[in-house]
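Let's take a friendly walk through the packing inside a protein chain.

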Amino acid sequence: MTNASPTFAGLDVPRALQAIDAELCPWRENALDHLRHAALVRRGGRVTRCSSSLVTCAGLDDVASIGSMCWIEPEYLPGRPFDRARAMLGEVVALHPEGALVLPYAEPRGIMLGARVAIDERQHCVLPDASWRGRVLDPLARPLDEKGPLRNGPRPYPLHAPAIPAHERSGTGSKLHLGVRAMDLFTPCCEGQRLGIFAGTGVGKSSLMSMIARASEADIMVIGLIGERGRELHDFLSKTLGPEGLARSIVVVATSDMPPMMRRRAAYLTLTIAEACRDSGLKALCLLDSVTRFAMALREIYLAAGEPPTTRGYPPGVFAELPRLLERAGPGRPDSGSITGLFTVMVEGDDMNEPVSDAVRGILDGHVILDRKIAERGRFPAIDVLRSLSRTAPDCYAPQERESVQHARQLLACHAEMAELIQLGAYKTGANPLLDEAIARMPRLEALMRQSADEPPTAGNAFDLLAACLASEPAGMSAGG
């Protein structure tokens with residue numbers, strides 16, 4: 001009796017089976033992983049109620065949760081397999097005993113009672129890739145520029161990922177040149193900072209963003225246009241960004257006529273792509289226009305989900321979700337890049353203390369205020385430097401630069417305080433030496449802060465121009481003294 005392994009025609013059978021199993025193991029694991037994600041057996045329910053914006057689905061009690069993604073087949077066709085090509089995407093926003101409340105990502109036209117609903121959690125993730133640079137996407141990460149299909153990256157990124165914990169982040173980096181003299185001087189920005197641009201309608205937010213986009217020194221720009229006017233999209237891509245700017249940008253677009261779920265998703269997709277760029281070691285500049293339209297989309301969503309309106313009609317969930325989006329920008333971990341966030345806020349009624357503006361201002365690392373009165377007198381960008389603030393400014397200035405900026409602020413503040421007396425002619429020259437200097441230097445300071453949208457950003461170092469402005473002897477200043 002021997003313990004030798006059985007053979008067949010000279011072949012060691014057990015060893016051969018082990019070799020075959022070793023060869024098949026990777027394939028088997030890949031196949032199992034594919035089957036886990038293929039959703040061949042769909043879990044879902046049926047539509048029991050449908051309104052102009054909300055769909056109620058029964059049968060999802062044991063498979064759905066808040067935020068679950070699903071496909072809704074418009075009509076019920078007995079005997080036919082579920083056809084995702086004809087279905088529309090939706091998201092569960094509330095759960096009730098009568099069923100799950102689903103907000104579709106498109107107008108729910110054609111949805112019939114009894115229509116099938118299938119859960120699909122894969123829609124929570126996107127696969128950003130470096131080849132997306134120069135492309136224009138919709139909120140579902142589909143191309144809008146007719147340049148062919150997008151290539152998926154190797155790593156899935158969840159749309160609603162939490163921000164990096166504060167203790168794991170590195171500090172803000174060096175100063176980032178924005179190309180706008182008024183901002184580079186009075187509200188400087190560091191790499192990894194989050195800065196808000198606050199203004200009413202028609203005061204120049206989008207124009208200021210376009211100036212920053214053209215002059216940016218970032219490795220890549222990720223631009224989210226939330227609730228954008230359809231008419232302005234072509235001009236922004238062809239004129240504002242231009243071929244060179246678009247070549248180093250990824251643009252996500254959700255026009256104002258899209259449903260609120262699409263506008264909300266566009267904002268999250270913008271931050272998700274920026275996170276992928278950050279993790280690859282790039283210094284990303286994330287431009288989001290605008291946070292207010294994102295908040296308006298949230299208001300529609302939370303009201304449809306049943307939350308009560310509170311401050312100016314905004315439900316509490318809106319103010320809970322704003323920091324979840326905005327906190328995702330900022331410095332990365334020490335071994336990665338950073339996301340410098342510039343977020344525009346459309347101020348309702350020019351009231352800087354309205355709810356969304358007040359909430360966003362408390363989250364970000366600084367704010368730039370655009371004033372309608374400054375715009376009406378023809379100075380663009382209409383930045384009110386006295387009301388604007390950058391919390392990283394102390395780290396951005398050299399000693400001489402700090403002295404120049406402080407002196408310029410003193411002159412601007414003194415002139416603003418006495419503006420009415422100056423306009424009425426009630427001020428007599430010589431009564432206040434600082435005001436005399438402010439009056440004499442104001443034309444050159446105004447000219448320094450004035451900058452046309454098509455002016456080259458390399459027209460001169462802003463601090464050298466400010467130092468020259470403060471060192472010169474304006475006409476009439478000596479006589480006034």
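Which elements do the buried residues of α8 pack against? They pack against β14, α6, α7 (316-326), β19 and β20 (366-369). The buried residues of helix α8 (residues 355-363) are Pro355, Val356, Ser357, Val360, Arg361 and Ile363. Here buried means under 20% relative accessible area, with exposed over 50% and partly exposed in between (1.4 Å probe, protein chains only). Helices (H or I, at least four residues) and strands (E, at least two) are DSSP runs, numbered from the N terminus.

A word on the source: this is a predicted model, in which local features need pLDDT of at least 70 and side-chain atom pairs count only at pLDDT 80 or more, while totals for chains, interfaces and linings use all residues. Residues are numbered from 1 along each chain as its sequence is written, and side-chain values use heavy atoms, with hydrogens and water left out.

The predictor's confidence in each residue is its pLDDT, from 0 to 100. The chain has a mean pLDDT of 87, and 89% of its residues reach 70 or more. Over residues 32-41 the pLDDT is below 50, and this stretch has three contacts in the model beyond near neighbours in sequence. A contact means heavy atoms within 4.5 Å.

Helix α3 (residues 205-215) is mostly covered, with eight of its eleven residues buried. Among them are Leu208, Met211, Ile212 and Ala213. The partners of the buried α3 residues include α2 (181-186), β15 (220-228), α4 (230-247) and β17 (283-289).

Not counting residues up to four places away in sequence, Leu241 touches Ala213, Met221, Ile223, Phe236, Leu246, Ser249 and Val251.

**Rings and charges**

The structure holds three aromatic pairs. Rings of Phe, Tyr and Trp (its six-membered ring) pair if their centres lie within 6.5 Å; planes under 30 degrees apart count as stacked, over 60 as edge-to-face and the rest as tilted. Two of the pairs are tabulated here.

| Pair | Centre distance | Plane angle | Type |
|---|---|---|---|
| Tyr268 and Phe294 | 5.9 Å | 75° | edge-to-face |
| Tyr397 and Phe463 | 5.9 Å | 80° | edge-to-face |

Tyr268 in helix α5 (residues 260-279) and Phe294 in helix α6 (residues 291-304) are 26 residues apart. Tyr268 is buried at 3% relative accessibility, and Phe294 is buried at 0%. Tyr397 lies in the loop between β21 (389-390) and α10, and Phe463 in helix α13 (residues 462-471), so this pair ties together parts 66 residues apart in sequence.

Arg361, one of the buried α8 residues, lies over the face of Phe198, at 5.9 Å from the ring centre. Arg299 lies over the face of Tyr314, at 4.3 Å. A charge sits over a ring if NZ of Lys or CZ of Arg is within 6 Å of the ring centre and within 35 degrees of the ring normal.
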